[in-house]
Amino acid sequence: MVDPVFIGVAVLTVGSAIISLESRELIYGAIALAISMMGIAGFFLLLDSPFVAMFQIAVYVGAVAVLVIFTVMLVRTQALFTTKEDKGRKSAGVILMLIFMASIGAIFIISGLNSQTFGNPKAPAVDFTSIGQQMLTYYSPALIALALTLAGAVIGALALARREEEIEQKND
Amino acid sequence: MTELIYYVLISVVLVAIGIYGLVVKRNAVRMLFALEIIANAANLNLIAFSRNLSNSQGQVFALFSIAIAAAEVAVGLGIIIIAYRLFKEIDVEEFKSMRG
């Protein structure tokens, strides 16, 4: 039995994912991507993991969507209307998507995942104190590496986005 | 309570949409959107399996994955901005040379 809330969130997520790729203006695509990320956070809430859902909303809707919208605003508007994709490539992409969806979906449906023997959806939900414990004990080296990676990525992004005089001169 | 297979199927649909975006779209920002959709489908799988196995490691991995995806978006948008500054275009077919 499928939950009606699940169906609603699924339609919201998949629909806004399609809109984010197909909308005519890039800024609407960015907003649709944020809505799709909200839908994923809704799935996380349905799966009894509110901590990850809040993290998802804070990172994706709070940071990534705003970053994307700022970038879209920085890029000149005319460059956003590049509709140079030809019909053949588009239909080939749709066919590839459908083949992928059908084949992988069929594999999952006929696999043992469908039977009730795998896992237990009625098992008690994971308490998020255990997430914190695991992060600070067993996964603490991974947490430190993640922090260093984030710092490196932010410094790299700043170095990339810095204005360089020679590039400006080359373009003039 | 929705069964695990429905979450996995939604995840397959999202990955297929992301692959379609990566194959068809020539706009660099839209390709980044497609990458984000694929990354989110992976996170959805992690959380769904973590719920069904009643194991917190899936959630820990999803948290790491979300943070890495945020770093990836920051670097990707930086690259797009500098490519736009060089080529005055965000169409990936115009990025013929990636020299400075």
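This is a predicted model: local features need pLDDT of at least 70, side-chain atom pairs count only at pLDDT 80 or more; totals for chains, interfaces and linings use all residues.
Residues are numbered from 1 along each chain as its sequence is written, and chains are lettered from A, with ligands numbered from 1, in the order in which they are written.

Let me take chain B, starting with confidence. For the complex, the predictor gives an ipTM of 0.90 and a pTM of 0.87.

Chain B has 3 helices and 0 strands, where helices (H or I, at least four residues) and strands (E, at least two) are DSSP runs numbered from the N terminus. Its radius of gyration, taken over C-alpha atoms, is 17 Å, well over the 13 Å that the globule rule (2.2 Å times the number of residues to the power 0.38) gives for 100 residues, so chain B is more spread out than a compact globule. Along its principal axes, the C-alpha trace of chain B spans about 50 × 25 × 15 Å.

Now the interface, where two residues are in contact if their C-beta atoms, placed from the backbone, lie within 7 Å. By that criterion, 66 residues of chain B touch 74 residues of chain A. Helices α1 (4-24), α2 (28-53) and α3 (57-87) of chain B each supply at least two residues of that side, and α3(B) gives the most, with 23 residues.

Finally, consider helix α1 (residues 4-22) of chain A. Which of its residues are buried? They are A:V9, A:A10, A:T13, A:S16, A:A17, A:S20 and A:L21, buried meaning that 20 or more other C-beta atoms lie within 10 Å of a residue's own, and exposed that 12 or fewer do. Because these residues cover an arc of only 150° around the axis, judged by the directions from the helix axis to the C-beta atoms, they sit on the same side of α1(A). The face turned away from that buried side carries the exposed residues A:P4, A:I7, A:G8 and A:V11. What covers the buried residues of α1(A) includes α2 (26-46) of chain A, together with α1 and α2 of chain B.
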